[in-house]
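Hi,

Here is the structure I promised to pass on. Have a look at it first, and then read my notes below.

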Amino acid sequence: MSHDAYEAVIGLEVHTHLLTRSKLFCGCSTEFGRGPNENVCPVCMGMPGVLPVLNRHAVELAVRTGIAANCEIAPRSIFDRKSYFYPDLPKNYQISQYETPICKGGYIELPGDGAARRVRLVRIHIEEDAGKNIHEANSSLVDFNRSGVPLVEIVSEPDIRSAEEAGAYLRELRDILRYIGASDGRMEEGSFRCDVNVSVRKKGASEYGVKTEIKNLNSFRFVEKAIEHEVARQIEVLESGGKVAQETHLWDPDREETRPMRSKEFANDYRYFPEPDLPPLVVPPEMIDAIRSSMPELPAARRARYARDYGLSAYEVGVLTAEKDTADYFEAVLPGLKNARTAANWVMTEVLRVSNESGKPIAQAAPPASEVRALLKMVEDQQISLNAAKTAFAAMCKSGKSADATVAELGLAQVSDEGAIAAACDKVIAAEAGKVAEYRGGRDKLFGFFVGQVMKAMGGKANPKVINEILKKKLAG
Amino acid sequence: MALSKITPEQVRHVSLLARLSLAPDEEERIRANMDEILGYIDKLNELNTDGVEPTAQVGDPGMAMRDDVVTNHPDPEAMLANAPARERGYFKVPKIIE
């Protein structure tokens, strides 16, 4: 029996930091990259006698996430204690939500050409992060800066059927979180983490197979690779007559394989119970309404609009909308231009290139959108060539000067003066009598050569369209 | 007293979860103690609670929340003061093995 007879059943649990300034239950900073144990206080260190006080903004961002993911927002939810012992957990319990999360249900729609593919969500809940362990040769070191940083956990239904689809879901989720300002979605910094539940079953089966959980995935590529590896492994186990064991695997990025974690004792016996230090969380309808009315256009809506209104391809739409900043910039360049594609191409190539090369956001790396618009307007009006626009753009990125000033300063304005161009054409025709004869004798290919010569004579600034017209007439002789 | 509700195995399981090391006589004392607590719960179970929401807390519904303002502790160094071992600003603990 081949591997094609099986299908994968995948559910993802995403943990993402919420973009608050302070921690979930205390005023310590959430800033990443500080020295060890600098953002700590008695609350997030679990000292005796302290009490947690909930950060309102974390609640707002969780509600925002829930609205963006089409969830039902619970008017009343409960915080619970999840008890386990680990050196990065100073209270020996994590404050989380168990039976009554703040968001229930919902779905994420995946981008694609065909019919919209929905991945349903089970829930989204608020919880606090743990500290960070660093393993040394003979000891482990613990930093509690991350302890108490607000997270939401977003749990999907097992609706995902391939590694590729898992990647698409994660990218879409990350884009949404960035659009709504709930998370920066930085996987490498650990602010967006993913655990994967994978099982396989014969196609057409209605029962789920035994699943394994893969942890330690900190890039989209690793998620996809780990799923591919784990699906193949499980099929092999089943095909050779074995049984898949329900266990937790760790992804080893060096060996590109998953391996079982040494089972933690009673790993799943967390003894949840309602956190006695926190009353039920009541989210008033006014708060939900206010957040709902402040939601930005989400990536899916923006993609649909770009395809419909600007006639851009799925690829182009994907590049332009992946980051909210890029799409906002594109839309700020647009007004007054005849062709949206001119702006689209420019943003996708020139603007994103300077941003990527400098490692800076567009706002810092590229000129203001209004100046790029002015530059593209000159191209549309044939005042400058596309190449001249590129030269001007590079100069503008460095100097910060306006499009007008830059084009004037560099003498990039295109010459469309027919008299001047005609004179240059006459000169070339006179100088290249032999080639002119060949051309007239049928060597059409030489036309490009003449255009090049005229352009050279004009210092590269002549309008190529005008050269073409005049040369055609003159060579026809 | 009714039949024992808590077995010695359950006491050992719970004490392991709580990382408590109990002597045999302590185990028996705690088992009896937990039995009594569950006996009291049985008593409460005699009440008719139809239509009553499960309640973990009493008082005004809804909790006070704070604004998202950073108020870092003035002396984070003090948080490490009682650490049995530390290294370069970290808490140092026995090596954790996955």
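Before anything else, one term: I call a residue buried when its relative accessible area is under 20%, exposed when that is over 50%, and partly exposed in between (1.4 Å probe, protein chains only). By that rule, B:Arg31 and B:Asp35 are both buried.

Some ground rules. This is a predicted model, so to speak of local features I need pLDDT of at least 70, and side-chain atom pairs count only at pLDDT 80 or more, while totals for chains, interfaces and linings use all residues. Residues are numbered from 1 along each chain as its sequence is written, chains are lettered from A and ligands numbered from 1 in the order in which they are written, and side-chain values use heavy atoms, with hydrogens and water left out.

**Salt bridges**

The term stands for a side-chain nitrogen of Lys or Arg within 4 Å of a carboxyl oxygen of Asp or Glu. The two residues are four apart in helix 2 (residues 24–45) of chain B, so about one helical turn separates them. Helices (H or I, at least four residues) and strands (E, at least two) are DSSP runs, numbered from the N terminus.

How many salt bridges are there over all chains? The count comes to 46. One of them joins A:Arg302 to A:Glu331, at 3.1 Å between the closest N and O atoms. A:Arg302 sits in helix 5 (residues 299–310) of chain A and A:Glu331 in helix 7 (residues 324–333) of chain A, so this pair ties together parts 29 residues apart in sequence. A:Arg302 is buried at 6% relative accessibility, whereas A:Glu331 is partly exposed at 23%. A:Glu331 also meets A:Arg305 in a salt bridge (2.7 Å, N to O). A:Arg305 counts as buried, at 18%. These residues belong to a network of salt bridges that links A:Glu297, A:Arg302, A:Arg305, A:Lys324, A:Asp328 and A:Glu331.

**Where the chains meet**

Taking contact as heavy atoms within 4.5 Å, 35 residues of chain B are in contact with 57 residues of chain A. The two chains bury about 4,100 Å² between them, 59% of it on carbon and sulfur atoms; buried area is the accessible area (1.4 Å probe) that two parts lose on being put together, summed over both. Between chain B and chain A the count is one salt bridge: A:Arg56 with B:Asp67, their closest N and O atoms 2.5 Å apart. On the chain B side, helix 1 (8–17), strand 1 (65–66) and strand 3 (90–94) of chain B each give two or more residues. Strand 3 of chain B supplies the largest share, five residues.

**The cores**

A nonpolar core here is a set of buried Ala, Val, Leu, Ile, Met, Phe, Trp, Tyr and Cys residues joined through side-chain atoms within 4.5 Å. The largest has 67 residues, and A:Val59, A:Tyr169, A:Val196 and A:Leu281 have the most contacts inside it. Apart from it lies another core, of 38 residues, among them A:Tyr179, A:Val317, A:Leu375 and A:Met396.

Which residues does A:Leu281 touch? Not counting residues up to four places away in sequence, they include A:Val59, A:Phe79, B:Met63 and B:Met65. A:Phe79 is in the loop between strand 4 (76–77) and strand 5 (80–83) of chain A and is buried, at 1%. Beyond its neighbours within four places, A:Phe79 is in contact with residues including A:Phe25, A:Ile126, A:Leu281 and B:Met63.

**One last residue**

A:Tyr6 is in strand 1 of chain A and is buried at 8%. A:Tyr6 and A:Val200 are 194 residues apart in sequence, yet 6.5 Å apart in space, C-alpha to C-alpha.

Cheers
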